[in-house]
Structures are given as structure tokens and as C-alpha cells.
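Subject: Model handover

Hello,

Here is the model for your set-up work. My notes on it come after the structure.

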2 protein chains.
Amino acid sequence: MAQPRIAIIGTGLIGTSIGLALMSRKSRNYEVVGADRDRGNARQAKKMGALDRDAGSLEEVLSGAGIVILAVPVQAARQILQESSRYLTEGAVVTDTCSTKADILRWAEEFLPEHVHFVGGHPMAGKEKSGPAAASADLFKDATWAVTPSPRANEDAVRAVLGLVESLGAIPLYIDAAEHDQYVAAVSHLPILVSVALFRMVRDSAGWEDASLLSGPGFRDLTRLASGDPTMARDILATNREAVLHWLHRFQDELTTIGKAIELGGQPVMDLLSSTQLDRDTFVLHPPFRRRPEGVAPPSAQDAIGRLFVGGLYDRMKDMSNRPAASPRDNAELRRKLGVPDEPAER
Amino acid sequence: MAQPRIAIIGTGLIGTSIGLALMSRKSRNYEVVGADRDRGNARQAKKMGALDRDAGSLEEVLSGAGIVILAVPVQAARQILQESSRYLTEGAVVTDTCSTKADILRWAEEFLPEHVHFVGGHPMAGKEKSGPAAASADLFKDATWAVTPSPRANEDAVRAVLGLVESLGAIPLYIDAAEHDQYVAAVSHLPILVSVALFRMVRDSAGWEDASLLSGPGFRDLTRLASGDPTMARDILATNREAVLHWLHRFQDELTTIGKAIELGGQPVMDLLSSTQLDRDTFVLHPPFRRRPEGVAPPSAQDAIGRLFVGGLYDRMKDMSNRPAASPRDNAELRRKLGVPDEPAER
């Protein structure tokens, strides 16, 4: 009898890291299937042990999947939602890891059938490098993972995504999509622009050769985000443009204020630096408390696997992966073609 | 018989890390003495094994020292240079670790006696935290260490500092002080302002609570420098103001350019992000080649200790630490006071 199936679409840094974390769980009772537009990425993810199986098409990866994770740039997710609609099993839970949330919730509403539950997600984790090779099972350890359910998603679906997030070691944060987009523009999207601007400024200057020789860990840390995936960054800027530009202008104002303080010199500069140091040290030493979603009880099962498939979802997922799917590439069809007898549909 | 003596003035993150690295060397043939304006810091450094001895005054720490390392903020270094003058042993080599180099070279010229050799230094290494507790022996491993000799310093003095730098695991970069200050303004000082501005902007916004909950490693990395020592940053801004303001304005221009590209959207944004990613990846994968000082041969001795005290310096340093120093706090004077016979001055 088939096991519940988790599908990962997009096996880059994030998708492959999710796969590695899911596959590393002892006595797991689910199967992990993945696909990537670049089949080589999915093959590499499988080779790394992040997948049980790499699929060659959207139909194949979605077939019988109870949980579907879209780990692709925002604008690719739109297309996948549009195309997935006819392959998704009834009752499937669809989530994503995209950097902006308002657009994707709208697209899910627009494209997904009513019997599918969409719960948006966004792990606040990343790395200098992209692609499956950079993935690691502990990428999400203690990271905040924003969770933005669609109005239509039922409580079981929200719990399933919360369970998934917790089983990856992250801490879920229940938040409204519009609020999410506004705040991540400040703490995540603007920093990309800051990194890009700082690197370009020095790189394009006449003194680049000597300046780069003198650059230390500060320059390297501050320009790290300029090495991120440009497609992801472009999609962020396209789907969250107003919020990003708002914070960009506020940042420029802040720089102007600081520049004026430096021109004047003296005690105000020292006060500004000291109070900022104090505030940041406080932030680092006492990071903000991350609340659980209001109105949604935390997964109660002690068992980690139990936490991933709470309530009736486990049984329903088993059921889904047994059901013959719409696609001709599904296992039942393949078995028939190869002359392999169907597995008994017991239980 | 006394061993050559290295004096570290300022036992914060940098001074204590230097001490730890120097003390960790096997079969070392020198003594490490340290002092700090805050005596508690020096005691902590000694407790951590970064010093053989902590001294209670400038006279005491300088007495008989062949190499003197000023590991203090720039403006404190000025005062120390001024006050050290009468305690420095003839032929002593004085170096520093300050973030800007033009002013300190001028002060060394102005305040140090002619028989003392000043060779400026600046390790491109740091940490989020300051103070001795954050120190580590490998802080300088593979870091660039700018070396800016004063016109008066002789070749032996330059070699001694190069040997010191290499014995700490760093890679010396011989550079003109004015050039140094211009380039570090771009890669080291402006990044501090960028970190401070980014942190303040989010911290002072109405959405701070939610924004901080959503902040991940990107925000943390980009604001790291805002947790640096404010006195050090203030001194940097005071002694390198014009260069910092120059780069600050260029940075604002760069942000304006990027903001316009985002407003327009489309392919130009993607091109900008892609080319920056490529350039930064190239910079990280193939870091620039760090040249040895021109005209100064690398220390030739195979032995690491030999590298630290090349040429005739070792013997001269031994000689220095045997000589009765000017201060009444020196060992000879102390021995006399305590009735302890002088050690034989053999060899």
C-alpha cells in the first residue's frame, strides 16, 4: 500500500533543503517526490538524498500528493498554480515558500479548484549560494516561517502546514499576507538592494582592485545578498514593488540624516552610534518572541511524525496516494502499461 | 635573563586576540605584556591566557618593550603616542591596529622620538562583539593586514611588523596611508553606516515588533556592524570624514539608480541583478591576489619564531628588555626596592 506523498516542486536551495530535512526523519511514514524545471536539479536532489523519487513532469509529481510544496520564485509559482489545477488530488494541501504572499494568495484563489487547500508559507532562511548543492537539512532550524492561510483553507490544512514547518525545525508565525509583504520589504527585500548597491558601487569604482584587497568580513557580510538568485530577487521586486520603494526612500532619508550628523560631528554622532548598538544588542540577545497562530492550537501529538500529519490528514493522504490519478503518467496507468498487477487496495 | 618583550596597549577584541595568538605559539621566545585603560579588561585578557602579565600603567607596559602594539580606537592612539614618547626604549618598533592611517602616521611623526620606528597596521578583521571576551587566537587567520610604514621607519622595523602580522596568520598588504583611508572608507567604514541606517530605520518604524519577528539571517548579517564598538566608529568618522562622506553620497546615487530601475521594471532590473551576482560570485570564488610589500623581501627564516624577530631585532630586543628603563616601575627598580639581587646580565 502506498504511503502518503509529499511533492516538492522546485529543488533549488529551499526545496532540496526541505527534502533533506523530511528524508532525514527516522521511521518516516511518507514518500517525498520532487520535480524541477531543470531536471538536472531534481536528479541532483535525489542523489543527495533529498527525494525518494524525481519526477519528470508536473502531472507526475502532483499525482497522489497530499501535501504540495512550491519552492520556486514567485512568478514561476503563478504558472505552476495555473497548470497544477487539473492534476491536484481532491483535498490536497498546497503550500509555498515564496518571498511575497499577497499575489500568491490571489493566484491560489483564482486558479486552484475548491477542493484544494492553499496555505501560504515563507521561511526566513537563506544562503549566499542557490541551487541544490547549497542545501542542508538544518537550513530552517529555529528560523521564522511565516504562515498565511487562504480564507478557504480549513483548519486541518493549516495544521498540516504548521506540522510541516515544525518538523523542519522552524518556528511558524501566523500573519496576514499584506502585513507580511510590508514588513519583509523592510527586513528582507530592501537588504537585497542594499547589498547590490554596495557591491556595485565599489566594484564599478576606479579603486576596485585595491579596495577589494582591503575588504574584510564586514564588506563580505554586507554584500552577501547580492549573490542571491537574481530571478527570485526580480520576482520579489515585481510583486512587492511599492513596499520595497517605500522602504528604499525611508532608508535614503536615514542615510541623509546620518550624513548630516557626521558633517556636524561631535556628541550627536556618538549618541547615535551608542543607542543603535544598544538597541541591536538587545535585539540579538533577546530576540522577539514568536507567537503561535491565534485560534489554531499547536499540533498536539508528541511524535514528530504525528506532528506532520495531524488529525485525519494522515489517513486521507494515504487514501489520496492510493487513488488512481488523472494523469496518464500515474502509477496505476504505468503498472497497466507494464503489465504489473495492481497492488491490493486493502484498508 | 629577560626575554624580548611585546607590549599590547588596549586589550579589547583586537588586542586580546593578538595576545592569544602570540601566547599560543609553541616554544615562544618572548614575553607578552598588556595594559588597558580599563584594568579589568587587561586582567581578563591575562586570565584568558592572552598575556604573561598585565600592567597597571603606560610606563610599566612600555618598559623594555621591543615591539609595541597600539590596539585602541584612533583618537585614543593619539593620546597614547603623545604620552608614550618618554617611556619608549631606544630602537623600539611601534605599530597599531587603528582603522584609519593618515592621522596616526602624522601623530607618530609629531610625537615619537627619532630613535623609535613607527609602522602603521590595520587588520581587516572584526566581530559583532567587542571586548576581550570575544577575542580568539584565529581572528586574523587569512585576513588582510594593511601595513603603512612611516617614512622614518627602517627596514628591520618594517620586517618586524611583517613578521608579527604573518605570525598571527594574516596576510600583509603594503599600502600608502592616504590610499588606505580612501579605500577602507568604501569597504569598511561606509558599511558601518549602512548597517546603522538599516537597523535604525526598522527599529524606529511603527512595525518594528512584527518586522523583527520576520527578520532572518539577511537582516542580521546586514546590521551586524551596528553592534560594533561605537567609540571606534566615532573615531573612524572623525579621522576619515571626507572619504566616508564621499562614498556615502556615491552610495545614495547608486540606490537612486536602482530605485529608478525598479520603478521601470522589466529586463534592466534582471540584468542589473544578474551581472552583480556574477561579479560578486567571481570576487568570492577568486579573491584578489594579495601582494607582498614591494622592495621588502619576505622574512626568510623558516622558523615561525624566527619570522617574528628577523635580522638583528631579536638580539636588540633582548638587549632592550635587559636595559633599566626610565620608569621607576621597571623591574630593576622594583628588584632594588624589594632587595632582590639583579639577574646576571650574561649574553
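Predicted model: local features only at pLDDT ≥ 70, side-chain atom pairs only at ≥ 80, totals over all residues.

Residues are numbered from 1 along each chain as its sequence is written, and chains are lettered from A and ligands numbered from 1 in the order in which they are written.

Symmetry

Superposing chain B on chain A takes a turn of 180° and a shift of 0.0 Å along the axis, with an RMSD of 0.0 Å (least squares on the C-alpha atoms of residues with pLDDT of at least 70 in both copies). That is the relation of a two-fold axis. In chain B, the residue that comes closest to the rotation axis is B:Leu222, at 2.5 Å (C-alpha).

Interface

On chain B, 79 residues are in contact with 79 residues of chain A; contact requires C-beta atoms, placed from the backbone, within 7 Å. The copies meet through the same surface, because 100% of the interface residues of chain B are also interface residues in chain A.

Elements below are DSSP runs numbered from the N terminus: helices are H or I with at least four residues, strands E with at least two. Those giving two or more residues to the chain B side include strand E7 (144-149), helix H7 (177-203) and helix H12 (267-285) of chain B. H7(B) gives the most, with 20 residues.

Axes are lines fitted to C-alpha atoms, for helices over the stretch in contact, and angles run from 0 to 180 degrees between N-to-C directions. A:Pro230, A:Ala233, A:Arg234 and A:Leu237 in H10(A) meet residues of H12(B), among them B:Met270 and B:Leu273.

Sheet in chain A

Eight strands of chain A form an open sheet with mixed pairing, in the order E3-E2-E1-E4-E5-E6-E7-E8; two strands pair if DSSP finds at least two bridges between them. Strand E3 (53-54) and strand E8 (171-174) of chain A are the edges, each pairing on one side only. Strand E1 (residues 5-9) and strand E2 (residues 31-35) of chain A run parallel and are joined by five bridges, with A:Arg5 opposite A:Glu31 in E2(A). Helix H1 (residues 13-23) of chain A lies across E1, E2, strand E4 (67-70) and strand E6 (117-123) of chain A, at about 165° to E2(A).

Regards

Key: Contact = placed C-beta atoms within 7 Å.
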